[in-house]
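This report describes a structure made of protein chains.

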Amino acid sequence: MGILDRLTTMIKAKISSFLDRHEDPRETLDYSYQKQLELLTNVKRGIADVVTAKKRLELQKAKLESNIEDLNNQAREAVSLGRDDLARIALERKKDTMTQIESLTGQIADLENEQTKLVNTERRLAAKVEAFRTKKETIKAQYSAAEAQVRITESVTGISEEMADVGMSVQRAEEKTESMKARSQALDELIDAGTLQDLTGDQTKVEEELSKIKSSEEVDQELKILKQQVTKKKKAKTEEVQEAQQ
Amino acid sequence: MIVRILGDNQYVLDSKYLDKLNELDSCMVDHLSNEEVGEFNSCLREMIHIIREKGTPLDPAEIRPSDLIVPSPDITPDEARKLFTKEGMIPG
């Protein structure tokens, strides 16, 4: 069995189980219409979810872009302090961040695409639902029970196929949005931790390291002065003792 | 005949293209079992292309069941494989 056969049969089977649910075909019409309205709301919610997820990724991308600037400054500062090792870490993080930005750009484009598709889906479904509503009233008003049965089956089958299709589109969009949400949450933690972690496994922030150097330089300087003072005093004392002995 | 491309639209297509569509369908199935993603995608792309090129979109206000349902143009081989398992790919 091919993919087309399999897909067509599966959708038709689902529709016929839906049609068998009601004894009175008129009930099927109303029930189907109610389901269509629910689905339309679902599509709208799906679009809103995609837009929210996209905005979130755009925000993260902006944050990462500003991190690049910080990392550049840190690298420059490290070099001026003669700490090439720290400069290297900062530059590695910058490279990491740039990879993340690139991946985010792709994901944003993906969601944009998903949004366009869902908006088109919504438009198409809305047109069908409106057509169905008109048809439903006509069938109810103008046809005898036997004739109505045929027309109901035909239009409900047609619209149910549309609904199965739309349902799948919404589900796929949801799955995509969910997986991106999970990834973007993980990324948030990294962004919150300051700049991204480097690949060498050293998790201390470059910034902290730089300030440590600065303070240790100050300590060194003070120590040096202290040593000089002590040496001076010692010298003075020795000279005093020597003078007294003479 | 009426052909639906999932996630896209319904098209009115001359039945003379049915053989070609079936041929491309077998092509997809073959490459699916051999895990050849590139070939799978190219068969799918050609199928979608024929329907869009040779068919005309059904008026959105018309409610009619399709004779044939074709997967979404961006279906992945994994999703296609699900069609052949019990769980299927239709929610609900």
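The text below treats the chains in turn, then the interface between them, and finally two individual residues.

**The two chains**

The model is a predicted one. Chain A contains 5 helices and 0 strands, and its pattern along the sequence reads α-α-α-α-α. Chain B, by contrast, has 3 helices and 4 strands, arranged along the sequence as β-β-α-α-β-β-α.

The table sets out the overall values for each chain.

| Property | Chain A | Chain B |
|---|---|---|
| Radius of gyration | 36 Å | 13 Å |
| Extent along the principal axes (C-alpha) | roughly 140 × 35 × 25 Å | about 40 × 30 × 20 Å |
| Buried share of residues | 37% of 246 residues | 43% of 92 residues |

For the 246 residues of chain A a compact globule would have a radius near 18 Å, but chain A has 36 Å.

**The interface**

How many residues of each chain take part in the contact between chain A and chain B? On the side of chain A there are 33 residues, and they are in contact with 42 residues of chain B. The area buried between the chains is about 3100 Å², and carbon and sulfur atoms give 60% of it. A:Ile3, A:Leu4 and A:Arg172 supply 24% of the area that chain A buries against chain B, which is more than any other three residues.

The rule finds 17 residue pairs in polar contact and 6 salt bridges. One salt bridge joins B:Arg4 to A:Asp165, with the closest N and O atoms 2.9 Å apart.

Which helices of chain A each supply at least two residues of the side that touches chain B? They are helix H1 (3-19), helix H3 (84-142) and helix H4 (145-192). H4(A) gives the most, with 14 residues. Sorted by class, the side of chain A that touches chain B has 11 nonpolar, 8 polar and 14 charged residues.

**Two residues of chain A**

A:Arg124 belongs to helix H3 of chain A. Is A:Arg124 buried or exposed? Its relative accessibility is 10%, and buried means under 20%, so A:Arg124 counts as buried. Leaving aside residues up to four places away in sequence, A:Arg124 touches A:Glu162, A:Asp165 and A:Val166 in chain A, together with B:Arg4, B:Gly7, B:Asp8 and B:Asn9 in chain B. Among these neighbours, A:Asp165 and B:Arg4 are the partners in the salt bridge described above.

A:Ile159 lies in helix H4 of chain A. Because its relative accessibility is 0%, A:Ile159 counts as buried. With residues up to four places away in sequence again left out, A:Ile159 touches A:Ser32, A:Gln36, A:Lys128, A:Val129 and A:Phe132, and it also touches B:Ile63 of chain B. A:Ile159 and A:Tyr33 are 126 residues apart in sequence, and their C-alpha atoms are 9.2 Å apart in space.

How values were computed: Residues are numbered from 1 along each chain as its sequence is written. Chains are lettered from A and ligands numbered from 1 in the order in which they are written. This is a predicted model: local features need pLDDT of at least 70, side-chain atom pairs count only at pLDDT 80 or more; totals for chains, interfaces and linings use all residues. Side-chain values use heavy atoms; hydrogens and water are left out. Contact means heavy atoms within 4.5 Å. Buried area is the accessible area (1.4 Å probe) that two parts lose on being put together, summed over both. A salt bridge is a side-chain nitrogen of Lys or Arg within 4 Å of a carboxyl oxygen of Asp or Glu. A polar contact is a pair of N or O atoms within 3.5 Å; within protein, one must be able to donate a hydrogen and the other to accept it, and residues adjacent in sequence count only if both atoms are side-chain atoms. Ala, Val, Leu, Ile, Met, Phe, Trp, Tyr, Cys and Pro count as nonpolar, Asp, Glu, Lys and Arg as charged, and the others, Gly among them, as polar. Buried means under 20% relative accessible area, exposed over 50%, partly exposed in between (1.4 Å probe, protein chains only). The radius of gyration is taken over C-alpha atoms; the globule rule is 2.2 Å times the number of residues to the power 0.38.
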